[in-house]
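Thanks for coming. I will go through a few helices and the side chains around them, and then stop.

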Amino acid sequence: MSKDAVNTAVAASRTDAAQVPADAGDAGYSKDLKARHVNMIAIGGAIGTGLFLGAGGRLHNAGPALAIAYLVCGIFAFFVVRALGELVLYRPSSGSFVSYAREFLGEKGAYVAGWMYFLNWSTTGIADITAIALYTHYWSMFTDIPQWTLALIALAVVLAVNLISVKIFGEMEFWFAIIKVATLVAFMFVGIFLLATQHEVGGTTPGVSVITDNGGVFPHGMMPVVLVMQGVIFAYAALELVGVAAGETAEPEKVVPRAVNSIMWRVGLFYVGSVVLLALLLPGSVYSADESPFVTVLSKIGVPAAGDVMNLVVLTAAMSSLNSGLYSTGRILRSMAMAGSAPKFTARMNRSQVPYGGILLTCAVCVLGVGLNYLMPAQAFEIVLNVASLGIISTWVIIMICHLIFVRRAKEGLVERPSFRLPGSPVTEIATVVFLLACLAMMWNDPEVGRKTLMLIPVIALMLVGGWYAIRRRAAKAEDQELAELTK
């Protein structure tokens, strides 16, 4: 009997044996995340620096057509999360897609999935601390403090909070998400009021004429819209956090479907709706990559304090994203460490059942980001955003491939699909993979950053191959031990 067949049989049997986790990395966690935590984590994952900071530069480059880019990418992001949600209901795991890759693709698949996800979140962490520093520089009292110093302070604060307990993490994300949602809703009401009353915004009368008088929906043609796609994908990068959080909730079968299904309307309302409003209020040329577009609007309506309040909120969003990144990579790395494909110390947990080893490793990479902020403060955000896109695109592709294999095995009678399913399989998975790879290829058209980022792929591939050869014996030994224990 092959290891693959044994793994499938064991996974199926463990699904019925709740007291023994199918993934060794799931042992030892508390189940302190409540339904409200997971629901708001899903919302918070859909609202972060990609919208609050990234939308400014993208509106400047692509114009109102950015809303179309957000809608298209949002649909495919929903397919990914829906596929992951089905896998979660099949077998909840804090190792999430890494655990599913191990089951359906083998340890090599789990190894690639885990380390590419680590690349995503560690570089996203750098983007977040960069964003925090940029937001803080909005206030004159902080302009004399170097950007790298502010980035280091932010990292230290979030690290301290993340190590306390998962319950504290859940509460923080709950309130962070409440603040973000409430602020976006308030902004949309303000924007609608400005449109309805034709109140001038920075000398411009809002309305459709703002778009038509400034080049239309595609003021710079189609190419800028194509170029921003990989950045828009980054904006949705935290949606898969729902799958990780499900491993630390007591009732994933009730919580996950509700959280996943609500993502689609959130995408339409918060992303597409916000960008359409921004485009109707001011010309795209007014927005910039150095300032949140929401701050730009509110600062121009004659209420200076409004810009300060909004800036504080987007600062909160960046802190939330950094907090989520440390949380998720800690769990993913622990799952890998228990299987021998990550350093042993990343499996360690503290008394509060927090995998502090993996969290500290992610922070170590973020410290390198502090150095990047010191050396290249102007380009730091865009550089790490593109590298993070490599990580998230590869992660999502692996999720869809795992789901394809899962569906195939279900048809063979080896596993059972839950009632909560990704519609349109296998067309949906294939279309999503093609779209994600196309977004990756689009980066070649950006010679400044995107093309250089793609040139990193062979380097990353060599590092992954070298790393695998360094740990393959340990991984094989861990797999043999687990098989021996589970087949006794």
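A helix here means a DSSP run of H or I, at least four residues long, numbered from the N terminus. What you see is a predicted model.

I start with Ile-399, which lies in helix α19, residues 380-411. Is Ile-399 buried or exposed? The cut-off for buried is under 20% relative accessible area. Ile-399 has 1%, so it is buried. Leaving out residues up to four places away in sequence, Ile-399 touches Val-80, Leu-84, Leu-87 and Phe-97. The C-alpha atom of Ile-399 is also 9.6 Å from that of Val-433, a residue 34 places away along the chain.

Next, helix α5, residues 66-90. How much of α5 is buried? The count is 19 of the 25 residues, so the rest of the structure largely encloses this helix.

Now the aromatic side chains. A pair of rings is described by the distance between the centres and the angle between the planes. Counting rings of Phe, Tyr and Trp with centres within 6.5 Å, the model has 15 aromatic pairs. One of them is Phe-76 with Phe-79: the centres are 6.0 Å apart and the planes are at 85 degrees, so the pair is edge-to-face. These two residues are 3 apart in helix α5, which puts about one helical turn between them. An α-helix has 3.6 residues a turn, so residues three or four places apart point the same way. Phe-76 counts as buried, at 16% relative accessibility.

Another edge-to-face pair is Trp-139 with Phe-142, at 6.5 Å centre to centre and 65 degrees between the planes. Trp-139 counts as buried at 19%, whereas Phe-142, at 26%, is partly exposed.

Back to Phe-76. Ring pairs link Phe-76, Phe-78, Phe-79 and Phe-435 into a cluster. Phe-435 brings us to helix α20, where it is among the buried residues. Others on that list include Val-433, Leu-436, Cys-439 and Leu-440, along with Glu-429. Helix α20 covers residues 427-442; its 16 residues should span 22 Å, and the end C-alpha atoms are 22 Å apart, in agreement.

One last item is a charge over a ring. The charged end of Arg-82 sits over the ring of Phe-420, 4.1 Å from the ring centre.

That is the end of my part.

Methods. Residues are numbered from 1 along each chain as its sequence is written. This is a predicted model: local features need pLDDT of at least 70, side-chain atom pairs count only at pLDDT 80 or more; totals for chains, interfaces and linings use all residues. Side-chain values use heavy atoms; hydrogens and water are left out. The expected span of a helix is 1.5 Å times one less than its number of residues. Buried means under 20% relative accessible area, exposed over 50%, partly exposed in between (1.4 Å probe, protein chains only). Contact means heavy atoms within 4.5 Å. Rings of Phe, Tyr and Trp (its six-membered ring) pair if their centres lie within 6.5 Å; planes under 30 degrees apart count as stacked, over 60 as edge-to-face and the rest as tilted. A charge sits over a ring if NZ of Lys or CZ of Arg is within 6 Å of the ring centre and within 35 degrees of the ring normal.
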